Amino acid sequence: MWPDRVHLEGEEIRLVPLDVSHAADLFAAADPELFRFTAQGPTEWSVAGFEQEIAKTCAIPASVPLAIIQKSTGRAVGRTTYMEIRESMRTLEIGRTWIDRAHHGTRVNPEAKFLMLRHAFESLDPPANRVQLTTA
């Protein structure tokens, strides 16, 4: 798939392929209010619920979900996704992002978006023609 599983590193965070090993960190980082207006939250508020949500998210076609890892702690503090990937048109979206409230208003989200945009336009082969930021 284009893009494939990516590992991106910035000054404050790393973006790595999301997997169930991130469930405990994400459960600790989240609160139900983060998901009040989205369908991204787990159906069960527990580590097992986050494991199920991660497995469901990773199974979505044409998407590459990423864990946002705070480098100073090594812990996942949120997630973000390359989604709606259309390789034939070289387009994709960045979305399905949520971040621990303690990191709202910090460099975490801007750095995640910068890393993903830079990767899409400068590192993908062939590079993306268009990247859309999606919020919901």
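How many helices and strands are there in the protein chain? There are 3 helices and 6 strands. Helices (H or I, at least four residues) and strands (E, at least two) are DSSP runs, numbered from the N terminus. The model is predicted: local features need pLDDT of at least 70, side-chain atom pairs count only at pLDDT 80 or more, and totals for chains, interfaces and linings use all residues. Residue numbers start from 1 along each chain as its sequence is written, and side-chain values use heavy atoms, with hydrogens and water left out.

**Overall fold**

- The order of elements in the protein chain, from the N terminus on, is β-β-α-α-β-β-β-α-β.
- The C-alpha trace of the protein chain spans about 40 × 30 × 25 Å along its principal axes.
- The radius of gyration of the protein chain is 14 Å, which agrees with the value near 14 Å for a compact globule of 136 residues. This radius is taken over C-alpha atoms, and the globule rule is 2.2 Å times the number of residues to the power 0.38.
- Of contacts in the protein chain between residues at least 6 apart in sequence, 58% join residues at least 24 apart. Contact means heavy atoms within 4.5 Å.

**Surface and charge**

- Of the 136 residues of the protein chain, 47% count as buried. Buried means under 20% relative accessible area, exposed over 50%, and partly exposed in between (1.4 Å probe, protein chains only).
- The protein chain has an accessible surface of about 7,100 Å². Carbon and sulfur atoms account for 52% of that surface. Areas come from the Shrake-Rupley method with a 1.4 Å probe; for residues, only the protein chains shown count as cover.
- The protein chain carries 15 positive and 18 negative charges, and their mean positions are 3 Å apart. Lys and Arg count as positive, Asp and Glu as negative; His and the chain ends are not counted. A charge is placed at NZ of Lys, CZ of Arg, CG of Asp or CD of Glu.

**Salt bridges**

- Side chains of opposite charge can pair when their charged atoms come close.
- A salt bridge is a side-chain nitrogen of Lys or Arg within 4 Å of a carboxyl oxygen of Asp or Glu. The count by this rule is 9 salt bridges.
- K71 and E9 form one of them, at 2.9 Å from N to O. K71 sits in the loop between β3 (64-70) and β4 (75-86) and E9 in strand β1 (residues 8-9), so this pair ties together parts that are 62 residues apart in sequence.
- Both partners are partly exposed: K71 at 30% relative accessibility, E9 at 48%.
- E11 pairs with R107 at 3.4 Å, N to O. E11 is in the loop between β1 and β2 (13-17) and R107 in the loop between β5 (91-99) and α3 (108-123), so the pair links parts that are 96 residues apart in sequence.
- E11 is exposed, with a relative accessible area of 61%. R107 is partly exposed at 43%.
- R107 also forms a salt bridge with E12, at 3.6 Å from N to O. E12 lies in the loop between β1 and β2 and R107 in the loop between β5 and α3, so parts that are 95 residues apart in sequence are tied together.
- E12 is partly exposed at 35% relative accessibility. Shared partners join E11, E12, R107 and E111 into one network of salt bridges.

**A buried threonine**

- T57 belongs to helix α2 (residues 47-58). T57 is buried, with a relative accessible area of 4%.
- Leaving aside residues up to four places away in sequence, T57 touches L18, S63, P65 and R79.

**Backbone details**

- The peptide bond from D125 to P126 is cis, with omega near 0°. P126 is in the loop between α3 and β6 (130-133).
- E84 has phi near 50°, a positive value in a residue other than glycine. E84 is part of strand β4 and is partly exposed at 38% relative accessible area.
- R90 has phi near 55°, a positive value in a residue other than glycine. R90 sits in the loop between β4 and β5 and is partly exposed at 26% relative accessibility.
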